[in-house]
Structures are given as C-alpha cells and as structure tokens.
Amino acid sequence: SLLLGIGFWSHERYWTLPDHLNPWAPLTYEAAPDWLTRFKAGRFKSEPATCQAFMATTPWRFEPLPDRETGPGCGLRNAIAVRQTSLALSSSFTLSCPAAASLALWERHVLQPAAQATLGADVRRLEHLGSYACRNVYGRESGSRSQHASADALDIAGFVLTDGRRISVLRQWDGDAPARMFLREVHQGACRFFDGVLGPEYNQAHADHFHFDSG
C-alpha cells in the first residue's frame, strides 16, 4: 500500500493524464473527435451548465431558454434559441443544448470537410424544415411523442455552398456523383454524433430531409 501511495503521489505531482485519454476533460469544439467524444458529449444531457459552456466556445449565436412544459409530453429542457450556427440559416430554430452540441461538432468535423473534399467549396447556408414541434411521431393522432416534441431533433433539407450551388436532399440524394457522395458522407458521418440519423432510404416520409436527433 505504501508503494501504491507513493506511485499515486508521483502521478499527481509529476504527470497529468492527457485530455485525449481523460474522460473527464472538457469536450472541445476544435479538437478532432476521438473514442471519448460520444462519452463526453453524453454528459451534456445531465449537466446543462457543461453543455452551455461547450456551446460558448463555438461560433454559434444563440440564447439559453428557460425550461418549460408546452403540452402533454412536450416541452423544453436545457434548450437554446439558435440564431446562427457556424453557417447562415434559412430560419432560426429552437434546439436542446445536447442536440445543438452534436450539430456543432457535425458541422465542424463532418459537413465542411466533406464539402471541401467532394464539392470543392465550403457550405455557407443550412436549409432546414424545423426542430421543435409538439407532436407525435409522423404527426399521428396517437402513439409516442416525436423527438421534435422535446426539441431534440432537427430536419435538414439541404445546403447552399459558397459558390452559390444548392445541394438538395430531395433532388440530389440519387443525383450527380459529387452531390450524391457528399450527401451520403454527411448523412453517415452524423452517426458519430447523434443518437438517431434518418434519411431518404429510411422511408418515404424522409425522402426530402435528414432527421438528426439526440433523444
């Protein structure tokens, strides 16, 4: 036990666990995702202050929203009003902070690298179909609540590039090779950060958009 104590003291005194090996080190926006990213991001659901601190390190423009119920099984908890992400938006939206953190990481580490590699330009604008909506899955009269009911989901319809090109999920999922490759890369890459990732191959209801959620 004495040797163990000396070893522990030496560790604390002379050596610090690197952040990329430390599950309790803060998640950073710029650092490349690694095997601990999902674990660290998972803390955002139970630690709102940690999530807000992470979002403050991003280029996003947003405002924290108070928790509130908006209907049976609907409401906002640990949510933000998003005015701008790293991109211009087709309109502002409300999103839970954990979902916003996943979107921020996806834009930084999947979306822009894929656009540069496959299309030779950056993405300038994100076009979406909405986030928060107090409704059931698929808008049915009965059944479970959608992840949209708690602002844990965003539906993405397309992108506008810096050179003016518009990439549409509906029109180009099976379109020309560069756009098709780009859409598939950003769809698949979302699985690294989100709990739920749906697209045109899931069902007809998602033919025109990607559904990303952290529910």
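These legends describe close-up views of a predicted model. Local features need pLDDT of at least 70, side-chain atom pairs count only at pLDDT 80 or more, and totals for chains, interfaces and linings use all residues. Residues are numbered from 1 along each chain as its sequence is written, and side-chain values use heavy atoms, with hydrogens and water left out.

**View 1. Helix α6 spans residues 177–189.** Helices (H or I, at least four residues) and strands (E, at least two) are DSSP runs, numbered from the N terminus. The 13 residues of α6 reach 18 Å from first C-alpha to last, close to the expected 18 Å (1.5 Å times one less than the number of residues). Buried in α6 are A179, F182, L183, V186, H187 and G189 (buried: under 20% relative accessible area, 1.4 Å probe, protein chains only).

**View 2. Strand β11 (residues 210–213) is buried.** F210 and F212 point one way, H211 and D213 the other. Side chains in a regular strand alternate between the two faces of the sheet.

**View 3. Strand β11 pairs with β8 and with β10.** Pairing requires at least two DSSP bridges. Four bridges join β11 to β8, antiparallel; I156 stands opposite F210. Three bridges join β11 to β10, also antiparallel; G196 stands opposite D213.

**View 4. F159 and F182 form an edge-to-face pair.** Ring centres lie 5.5 Å apart, with planes at 80° (Phe, Tyr and Trp, its six-membered ring, pair within 6.5 Å between centres; planes under 30 degrees apart are stacked, over 60 edge-to-face, the rest tilted). F159 lies in β8 and F182 in α6, so the pair ties together parts 23 residues apart in sequence. F159 is buried at 0% relative accessibility.

How values were computed. Buried < 20%, exposed > 50% of the residue type's maximum accessible area, 1.4 Å probe, protein only.
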